[in-house]
Amino acid sequence: MFTPKHPLHLTPVGLVLIPILVASVLTGGLGFAIGLSGRWAVVSQAPLLITAILIYAATLFFLGRSGIATIRGLEHRAHIDPLTGLPNRHALHEDIQFLARGEDEVALAMIDLDSFKQVNDHYGHGVGDQLIALCGEVLREVCGKEARCYRLGGDEFAAVMGGKVAGTILEGICRALLDKLGTPLTLGPRHIAVGASIGLARSTADSRIPSSEMLRRADVAMDMSKRGGKMRCTWFNESFDRRRERVREIEDEIRTGIAAGEFHLAYQPLVDAQDKRIVAVEALLRWNRGPDRDPLTPNIFIPVAEDSGLINPLGVWVLRQAVCDAGRWGDITLSVNISAAQLRNAEFPIKLGEVLEETGFPPHRLELEVTETCLVLDPVVAERTLDVIRSFGVRIVLDDFGTGYASIGFLRRFRFEKLKLDRSLVELAGVDDGSRAMMISSIALARALDMGVTAEGVETEEQAELVRLAGADQIQGWLYHRAVPATEIDRLIARQNDTDAKAKDGKAA
Ligand code: C2E
Ligand code: CA
Ligand code: CA
């Protein structure tokens, strides 16, 4: 066990030598001063010698007591998180090692709060600290006497158990914890449902692993819970490591793919809901990986690029390429997708400004599509960045509307110029009354807030009619156009301009 050394720490040799030194200085010195020597000096100074030894013993006793108390205090503090009073990561490692020596099965749960960051951003760090302390109490309560709980730092907690069916019992405890954290906790005047994602890992007598590996596995499983939609427990599985390995490979391939020019853009037209003329195009990233490698869709490689930060160079390339292509397309609006990682990057508005300046692309023809999750992750930073982007004259569109929980407050706060109704909402509206009511009211709400509305993923005439009647002003979907190469957009626009010119001539004649 780690034992910090007290500043007054004395070795046993020191403990013996110091009194002898003190005694000989006192007795020898005094005897010499009054003219005695040798044995007589010691005998004559016996009372003084005894007093010195007694004083020394008493001093040692008090120093020893306060020293031990200080050492114990330091030891305690080195193992306890001051905010929650729970043991910390250091203690967790020791406990796992201890349990592994005596118990058949050791199970570990890694618990990460889901929306702690938003609470901190919304209400400040004081409330954030109170919430952590309260979550610590909830965890302590659900663990009871069965499991030991810890705070590992930030919004990360853990629980550990040893015993024959430790894993099963700990999983039950975790589910009870999710129930509690999924319902609002009361913090003064506020009620906050923070939620959590949990990863579980176990080791048994015949497959012992070091405590550090156990923590890593639980952490990987927790990450899977987060990716799987949060508010869930996931047991570690070896396939997670293989998947991570694959993700790392894709990451390397993206890096080399950017350098080798393997990425290109497709554009999907958006049409006016009434006259079906192309009014905008959305730039969609494609990866030409050649015939020897498995094809990857943006839904696979974009999340990898986001996690690794590669979306930053890739996103700037998309922006530059898209405005270069769209420069040829008259007054058609260009929509470009922006990821959360790009929005959080302070460099992004600077790069956007550079691209607009270098290419001379009119900012009012550019729209950036952002998703709700992108804004919820870091609303304060997002709001600041969006303000800078708007100051250039670029518009902001809320993408995939209807898949999240966007409230009226949220829509007002970010003042989007346009909402894009998600394909799932459009699809369900055709078959289910509840979804249809939701779609109609979403469009009405957007209109009331002075936002434009695009319906996305429209595949049938019935869906097109439905969104048109509900008030959508633009339609995007395979019914009208799929994503096509830039050269095909050149052709479509030339044809549209031709038709317009003929209609004009016809009117004039
Ligand atoms: P998104 O922004 O929601 O883009 C629309 C997706 O729906 C596109 O898929 C498009 O091809 C598809 N789609 C359009 N109409 C229909 C339809 O009628 N039926 C069906 N079934 N699908 C339709 P894609 O191109 O595979 O892109 C998937 C996602 O990848 C995009 O979803 C967007 O989130 C992301 N993405 C694509 N390009 C970029 C990019 O340059 N940057 C970033 N950050 N994300 C991108
Ligand atoms: Ca989009
Ligand atoms: Ca979308």
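How many contacts beyond four places in sequence does the model have for residues 25–38? There are 13, and pLDDT stays under 50 over that stretch. Contact means heavy atoms within 4.5 Å. pLDDT is the predictor's confidence in each residue, from 0 to 100.

This is a predicted model, in which local features need pLDDT of at least 70, side-chain atom pairs count only at pLDDT 80 or more, and totals for chains, interfaces and linings use all residues. Residues are numbered from 1 along each chain as written, chains are lettered from A and ligands numbered from 1 in written order, and side-chain values use heavy atoms, without hydrogens or water.

**Confidence**

The protein chain has a mean pLDDT of 88, with 87% of its residues at 70 or more. Residues 1–14 fall below 50; this stretch has 17 contacts in the model beyond near neighbours in sequence. Where pLDDT is low, the predicted coordinates should not be read in detail.

**Calcium site**

The calcium ion (ligand 3) is coordinated by D399 (OD), D400 (OD), E456 (OE) and E456 (OE), at 2.2 to 2.5 Å. Donors are N, O and S atoms within 2.8 Å of the metal (3.2 Å for Na, K and Ca); water is not among the atoms, so sites may look incomplete. Along the chain the donors of this ion follow the spacing D-D-x55-E. D399 also bridges to the calcium ion (ligand 2); the two ions lie 3.9 Å apart. D399 is buried, with a relative accessible area of 7%. D400 is partly exposed, at 27%. Buried means under 20% relative accessible area, exposed over 50%, partly exposed in between (1.4 Å probe, protein chains only).

**Aromatic rings**

The structure holds 8 aromatic pairs. Rings of Phe, Tyr and Trp (its six-membered ring) pair if their centres lie within 6.5 Å; planes under 30 degrees apart count as stacked, over 60 as edge-to-face and the rest as tilted. F410 and F414 form a tilted pair, 5.1 Å centre to centre with 55° between the planes. Both F410 and F414 are buried. They sit 4 residues apart in helix α16 (residues 408–414), so about one helical turn separates them. Helices (H or I, at least four residues) are DSSP runs, numbered from the N terminus. Elsewhere, ring pairs link F263, W287 and F301 into a cluster.

Two arginines lie over ring faces. The criterion is NZ of Lys or CZ of Arg within 6 Å of the ring centre and within 35 degrees of the ring normal.

| Charge | Ring | Distance from ring centre |
|---|---|---|
| R202 | W235 | 4.1 Å |
| R289 | W287 | 4.5 Å |

How values were computed. Helix = DSSP H or I, 4+ residues; strand = E, 2+ residues; numbered from the N terminus.
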